[in-house]
Amino acid sequence: SFSNSEGTQRCDARCHDAKTGHCSCICGGLNHGVGLKEAERNTRELADQWMEDYCRANNLDPADFKVELSAGVRQGDLF
């Protein structure tokens, strides 16, 4: 799995398909055990919120930075 210098891992099937336990991925537990569709929805909403927060903190108009991905866009397999 991928992890950054702080040890945080990417959020993938090990998280959203989990049946027990906890994870240390970037979602902070938001997607843990919720299934793929819900994890996709959660992740889109979280990314939108991060962008809005960034724009607000930097006096930017969020509309200038709005990016929408189609529902079919998915993370590709690494291997």
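This is a predicted model: local features need pLDDT of at least 70, side-chain atom pairs count only at pLDDT 80 or more; totals for chains, interfaces and linings use all residues.

Trainee: What does Glu38 pair with?

Mentor: Glu38 bridges to Arg41, with the closest N and O atoms 2.5 Å apart. Glu38 and Arg41 are three residues apart in helix 2, so about one helical turn separates them.

Trainee: Why does that spacing work?

Mentor: An α-helix has 3.6 residues a turn, so residues three or four places apart point the same way. Side chains of opposite charge can pair when their charged atoms come close.

Trainee: How accessible are Glu38 and Arg41?

Mentor: Glu38 is partly exposed at 29% relative accessibility. Arg41 is also partly exposed, at 39%.

Trainee: And what about Arg56, which residue does its side chain meet in a salt bridge?

Mentor: Asp53, at 3.1 Å from N to O. Both lie in helix 2, three residues apart, about one turn of the helix. Arg56 counts as exposed, with 55% relative accessibility. Asp53 is partly exposed at 36%.

Trainee: Which residues are joined into one network by shared partners?

Mentor: Arg10, Asp12 and Arg14 are joined by salt bridges that share partners. Within it, the Asp12 and Arg14 side chains meet at 2.6 Å, N to O. Asp12 is buried, with a relative accessible area of 13%. Arg14 is partly exposed at 48%.

Trainee: Let's change topic. How many helices and strands are in the chain?

Mentor: Two helices and zero strands. Helix 2 runs over 36-57. Helix 1 is 13-16.

Trainee: How far does helix 2 reach, end to end?

Mentor: It has 22 residues and reaches 31 Å from the first C-alpha to the last.

Trainee: Which residues of helix 2 are buried?

Mentor: Ala39, Glu40, Asn42 and Cys55. Helix 1 is part of what covers them.

Trainee: What follows helix 2, with a positive phi?

Mentor: Asn59, whose phi is near 50°.

Trainee: Back to helix 1. Is His16 buried or exposed?

Mentor: His16, which sits in helix 1, is buried, with a relative accessible area of 11%. The cut-off for buried is under 20%, so 11% qualifies.

Trainee: What does His16 touch, beyond residues up to four places away?

Mentor: Asn31, Gly33, Val34, Gly35, Leu36 and Ala39. The His16 side chain also reaches the backbone nitrogen of Ala13 at 3.4 Å.

Trainee: Asn31 turns up in that list. Where does Asn31 lie?

Mentor: In the loop between helix 1 and helix 2. Asn31 is buried, with a relative accessible area of 2%.

Trainee: What is Asn31 in contact with, leaving aside neighbours within four places?

Mentor: Cys11, Cys15, His16, Glu38, Ala39, Asn42 and Thr43. Glu38 is the residue that bridges to Arg41. Asn42 is one of the buried residues of helix 2. The side chains of Asn31 and Asn42 make a polar contact at 3.0 Å.

Trainee: How far apart are Asn31 and Cys15 in sequence and in space?

Mentor: They are 16 residues apart in sequence and 6.5 Å apart in space, C-alpha to C-alpha.

Trainee: Now the outside. Which residues form a nonpolar patch on the surface?

Mentor: Met51, Tyr54, Leu60 and Phe65, with about 360 Å² of accessible area together. Leu60 belongs to the segment after helix 2. Leu60 is partly exposed at 33%. Patch residues need over 30% relative accessible area, so Leu60 passes on that point.

Trainee: What about contacts between residues at least 24 apart?

Mentor: Among contacts between residues at least 6 apart in sequence, 16% join residues at least 24 apart.

Definitions and conventions. Residues are numbered from 1 along each chain as its sequence is written. Side-chain values use heavy atoms; hydrogens and water are left out. Patches are made of residues with over 30% relative accessible area and no salt bridge: like charges are joined within 9 Å, nonpolar side chains (Val, Leu, Ile, Met, Phe, Trp, Tyr) within 5 Å. Accessible areas come from the Shrake-Rupley method with a 1.4 Å probe; for residues, only the protein chains shown count as cover. A salt bridge is a side-chain nitrogen of Lys or Arg within 4 Å of a carboxyl oxygen of Asp or Glu. Helices (H or I, at least four residues) and strands (E, at least two) are DSSP runs, numbered from the N terminus. Buried means under 20% relative accessible area, exposed over 50%, partly exposed in between (1.4 Å probe, protein chains only). The expected span of a helix is 1.5 Å times one less than its number of residues. Contact means heavy atoms within 4.5 Å. A polar contact is a pair of N or O atoms within 3.5 Å; within protein, one must be able to donate a hydrogen and the other to accept it, and residues adjacent in sequence count only if both atoms are side-chain atoms.
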